[in-house]
Amino acid sequence: MFESKKLIVLEQMLVLKKEGEIDLVYKNDTLLKVKMISNQHLIVEDDEQTSFLLKRQDENVVWSFI
C-alpha cells in the first residue's frame with residue numbers, strides 16, 4: 001500500500017492546454033490535492049475540482065509532496 005500523501009505543491013508554473021478550451025495556469029507554490037497515485041502518474045485536483053495527471057518522474061522538479 002502507498003504512503004498517505006494527500007497534497008503536493010507546484011515548484012514551477014504549470015500551463016494546461018486543451019484545444020477549444022481556455023488554458024489553465026497554475027502558479028508555483030499552488031497546492032493540489034492528490035486523488036490517486038500510480039507507478040508512473042499522480043491524479044491531482046485543484047480547488048475547482050479540475051483533475052489532471054502529473055508524471056511521477058517530475059517529482060521534486062515540477063512538483064513535490066508536502
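**Close-up 1. The salt bridge between Asp-23 and Lys-17.** One salt bridge is present in the structure, the term meaning a side-chain nitrogen of Lys or Arg within 4 Å of a carboxyl oxygen of Asp or Glu. The model is predicted: local features need pLDDT of at least 70, side-chain atom pairs count only at pLDDT 80 or more, and totals for chains, interfaces and linings use all residues. Residues are numbered from 1 along each chain as its sequence is written, and side-chain values use heavy atoms, with hydrogens and water left out. Between Asp-23 and Lys-17, the closest N and O atoms are 3.7 Å apart. Side chains of opposite charge can pair when their charged atoms come close. Lys-17 counts as exposed, at 66% relative accessibility, while Asp-23 is partly exposed, with a relative accessible area of 35%. Here buried means under 20% relative accessible area, exposed over 50% and partly exposed in between (1.4 Å probe, protein chains only).

Close-up 2. Apart from neighbours within four places in sequence, Leu-16 contacts Asp-23, Leu-24, Tyr-26 and Phe-52, contact meaning heavy atoms within 4.5 Å. Asp-23 is also the salt-bridge partner of Lys-17. Asp-46 lies 30 residues from Leu-16 along the chain, with 12 Å between their C-alpha atoms.

**Close-up 3. Pairing of strand S4 with S1 and S5.** Two strands pair if DSSP finds at least two bridges between them. S4 (residues 31–37) pairs with S1 (residues 7–10) in the antiparallel sense over three bridges; Val-9 has Leu-31 of S4 as its bridge partner. The pairing of S4 with S5 (residues 41–45) is antiparallel, over four bridges. Met-36 stands opposite Ile-43 in S5. Three residues lie between S4 and S5, which form a hairpin.

**Close-up 4. A nonpolar surface patch of Leu-7, Leu-31 and Ile-66.** Together the three residues have about 280 Å² of accessible area, from the Shrake-Rupley method with a 1.4 Å probe; for residues, only the protein chains shown count as cover. Patches are made of residues with over 30% relative accessible area and no salt bridge, like charges being joined within 9 Å and nonpolar side chains (Val, Leu, Ile, Met, Phe, Trp, Tyr) within 5 Å. Leu-31 is also the bridge partner of Val-9. Ile-66 belongs to the segment after strand S7 (63–65) and counts as exposed, at 59% relative accessibility.

Methods:
Helices (H or I, at least four residues) and strands (E, at least two) are DSSP runs, numbered from the N terminus.
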